[in-house]
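Visitor: I would like to learn how to read a model like this one. Could you take me through it feature by feature?

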Amino acid sequence: MRNIDALNHVRGESVYLDDIPVRQGTLYAWVFSSPVAHGRILNLDLSEAEKMPGVVKIFTAQDIPGQNQIGGIIPDEPLLAESEVHFWGQPVAVLLAETELQARLASHKIQIEIEKLPVITEPRDAHKAGKLIMPPRTFTLGNTETAFAGCEYVFEGNAESGGQEHLYIETQGAYAYVKENGSFYVASSTQGPTAVQRHAAVVLGISMSKIEVDVMRLGGGFGGKEDQATPWAVMALLGTALTKRPVKLALHRPEDMRMTGKRHPYSSDFKIGFDKELRIQAYEVTFYQNAGAAADLSPAVLERTLFHCTNSYFIPNVKATAYSCKTNLPPNTAFRGFGGPQGMFVIESALAHAAEKLGLETWELQEKNLLKDGDEFPYGQITEGCEAQNCWQTAAEKYDLPKLREEIAAFNQQHKFLKKGLALMPICFGISFTKTAMNQSRALVHIYQDGSVGVSTGAVEMGQGVNTKMLQVAATVLGIDPNRIRIETTNTTRVANTSPSAASATADLNGKAVQMACEALRERLKLHIAIQLDLPENTPIEIQDEQVWVAGKTVELPWEKLVFSAYWSRISLSENAHYATPEIHFNPAIEKGHPFAYHVYGTALVTATVDCLRGTYEFDSVKIAHDFGSSMNTNVDLGQIEGGLVQGIGWMTLEELLFNPEGRLLSNALSTYKVPDIYAVPKEIAVHFMATQGIKLAIFGSKAVGEPPLMYGIGAYFALRNAIKAFRLEAVPRFSAPMTPEKVLLNLYPDFGT
Ligand code: MTE
Ligand code: HPA
Ligand code: MOS
């Protein structure tokens, strides 16, 4: 089935936040933010700005009727700075004017006097200074100390991975207006409607019931709108509360890039030990996470790094410690993979480092240590339905790995200044929110008396195709034409207490709730049929292809007639279902449990060609064997693999966030921050859909697909590294991503510039 948004998207008819027609009297907001990364506010003078044409109101922390607090996990983040600023771009005041330009021009007239304080941008510096978001966490399995003592080979090193700008095409934004009796409406470009509602209630000092949050769709979120869509929606609501006029707030790109957090950069140390047979016996790793100036989602991201620190490998003795370090950068946040990729980059670096020292190919170590059924993860979960080896072997066979290696070796023989590199990248990603309580969902399904159907869930459509999947679930269970079904906006008055659409679990969680609601409706209709037709008990009844089938034969009762007759018999045609993922649990006191409903596996073969005169590179091909379970929509799922892969390649190669020592973002526009374009996309992307074990906790057995493919992009880093080594045998490039063309060049010619 084609994505239900496809036609509207290409015609430009899909409605995003900026397409909502504004009401009469709408004010436009502009956010005034801190011009320094750390300091004490000595004076804030709004008087000149207030006199500017069109300005209606400028508000600051002092105007907040409730609490000035938007921290999601830890209450450590003000909506608007009070006496101190902690990052360059931290919101200080919001200007409301008749036009956006007027608000923006007025913002230049705000006078702020700040006493500068020392700025920390690196996580290890923060760690040394004792600036931590929360106490460190450690996952342990077995005993690394004794295991290292018995190892034949032990290697140590470090690895760094950089941040990443989400670059959702639609920037952050919201549109708010007053309803009546002190209640409010806000349309928000958020992955977490309930997060917006909850924090707005706290800041406005009113109850959640007085705030309706509505989400049509997002022009991309990628985690950047899981928690960080909240401040802008709350500011719009606050502006509305203070002026009683509708307020629209939509960030421009440079403001969005400056004010919002990104993927967490990590700096990590590793130690890895092998026995004679090259089986990994012990692994110790310490992660220093660059959290930025407030907690935001950092504690949860940190946790997922620990969960994924051994990637797709079995390691019997593990000690992994993680520090969430407080720096003067915008609070870093969720980003596709949610800390998992950062953890996986380190174990892949450790394996590449060990292989280098042992004079082996990395894949020899990778293949030997892949997970299998019955292996234990460092957090105590036992692997079931493990596809790690199956994916690896399928990729190697299907794409003829031996031949690929020969071709690359031959090419490298024949070419002096062009070198190819190959890397294998296995992945293993846990599906479920790591906070067990968040794994719950609801759906509200109405069958209207003409037989059409409206479905509301907590799922937010952000381009990942979840609405198409929800529609497929409803159509399949009800046995009707998908064209009858409408997927409604995500709205807190129809579906309450939603978890954010995140953790790749949106289709599973909300799809299960839709399935339950539709099944209940279907059973109710079947009972109605049995009564109407006076059928003996246990007569098999089906609703299929818009028809009623009794004991295998159609009874000429089409769907529309059935629905109307049920309505006329005063049968409820609405259902509300609640789903909570069974079987999962986790005890943070001992860091053990069974946190994931299941794992998704896969293996990618990544081939790169480096131009060894220029340091530039291309990716020839990425060939993937991916564990889909039984994919319910191969179009949508293929799109997720391609998009995730390219986003991962961007993170590992081109995208370089640069902050100067004063904490000012230098790469603050698309002219200075390079995202993958069509030339950066591999020339060939092959995806083999492995029909793997049907997992009952995946919706219709179709495994979650949103985040896992991003981690294939890690292979791009190692493919480049191998190509560099093909040019200069003695090259030992540091494990420091992204591998930009500049870094490639410096690795090819280390004496260059010295
Ligand atoms: N795909 C598109 N097109 N746009 C997005 O914003 N977000 C990713 C992924 N794929 C995203 C996307 C992230 S971070 C997650 S967690 C999942 O989609 C969320 O959706 P799902 O749970 O339905 O997979
Ligand atoms: N993944 C994504 N988002 C989250 C998670 C998670 O595990 N936990 C809280 N928010
Ligand atoms: Mo995705 S990072 O869980 O929104």
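Guide: Start with polar contacts: a polar contact is a pair of N or O atoms within 3.5 Å. Keep in mind throughout that this is a predicted model.

Visitor: Which atom of G463 lies 3.2 Å from a nitrogen atom of ligand 1?

Guide: A backbone N or O atom of G463 does, so by the cut-off of 3.5 Å the pair is a polar contact. Q464 places a polar side-chain atom 3.1 Å from an oxygen atom of ligand 1. For S504, a backbone N or O atom is 3.5 Å from an oxygen atom of the ligand.

Visitor: How much of ligand 1 does the protein bury?

Guide: The protein buries 92% of the 520 Å² that ligand 1 exposes when taken alone.

Visitor: How many residues surround ligand 1, and which are the closest?

Guide: There are 17 residues around ligand 1, and the closest are G221, F222, M462, T506 and Q640. By class, the shell of ligand 1 holds six nonpolar, nine polar and two charged residues.

Visitor: Which residues are around ligand 2?

Guide: They are E226, R304, F338, F433, T434, M438, A502 and A503. This shell divides into five nonpolar residues, one polar and two charged.

Visitor: Where are the polar contacts of ligand 2?

Guide: A polar side-chain atom of E226 is 2.6 Å from a nitrogen atom of ligand 2. On R304, a side-chain N or O atom lies 3.1 Å from an oxygen atom of ligand 2. T434 contributes a polar backbone atom, 3.2 Å from an oxygen atom of the ligand. Taken alone, ligand 2 exposes 260 Å², and the protein buries 98% of that area.

Visitor: Now the sheets. What is the strand order in the open sheet of eight strands?

Guide: The order is β3-β5-β1-β12-β9-β10-β11-β20, and the pairing is mixed. At the edges are β3 (55–60) and β20 (490–491), each of which pairs on one side only. To follow one pairing inside this sheet, take β9 (residues 173–178) and β10 (residues 184–188): they run antiparallel and are joined by five bridges. Within that pairing, A176 stands opposite V186 in β10.

Visitor: What is the order in the open sheet of three strands?

Guide: That sheet reads β4-β2-β6, with antiparallel pairing. Its edge strands, β4 (84–85) and β6 (111–116), each pair on one side only. Strand β2 (residues 39–45) pairs with β6 over six bridges, in the antiparallel sense. There L44 stands opposite I112 in β6.

Visitor: What does UniProt list for residues 11–118?

Guide: An unreviewed UniProt entry lists them as "domain: Aldehyde oxidase/xanthine dehydrogenase a/b hammerhead". In the model, the chain over residues 11–118 is 12% helix and 32% strand, with its end C-alpha atoms 51 Å apart.

Visitor: Last, the aromatic rings. How many aromatic pairs are there?

Guide: Rings count as a pair if their centres lie within 6.5 Å. By this rule there are 24 aromatic pairs. One of them is F139 with F307: the ring centres are 5.1 Å apart and the planes are at 75 degrees, so the pair is edge-to-face.

Visitor: Which parts of the chain does the pair of F139 and F307 tie together?

Guide: F139 lies in strand β7 (residues 137–141) and F307 in helix α9 (residues 298–307), so the pair ties together parts that are 168 residues apart in sequence.

Terms used:
Residues numbered from 1 in each chain as written. Chains lettered and ligands numbered in written order. Predicted model: local features only at pLDDT ≥ 70, side-chain atom pairs only at ≥ 80, totals over all residues. Heavy atoms only, no water. Near = heavy atom within 4 Å. Polar contact = N/O pair within 3.5 Å; in protein donor to acceptor, adjacent residues only side chain to side chain. Areas by Shrake-Rupley, 256 points an atom, 1.4 Å probe, with all protein chains shown as cover. Nonpolar A, V, L, I, M, F, W, Y, C, P; charged D, E, K, R; others polar. UniProt positions renumbered as here; feature names shortened; annotations may be inferred. Helix = DSSP H or I, 4+ residues; strand = E, 2+ residues; numbered from the N terminus. Pairing = 2+ DSSP bridges. Phe/Tyr/Trp six-rings, centres within 6.5 Å; stacked < 30°, edge-to-face > 60°.
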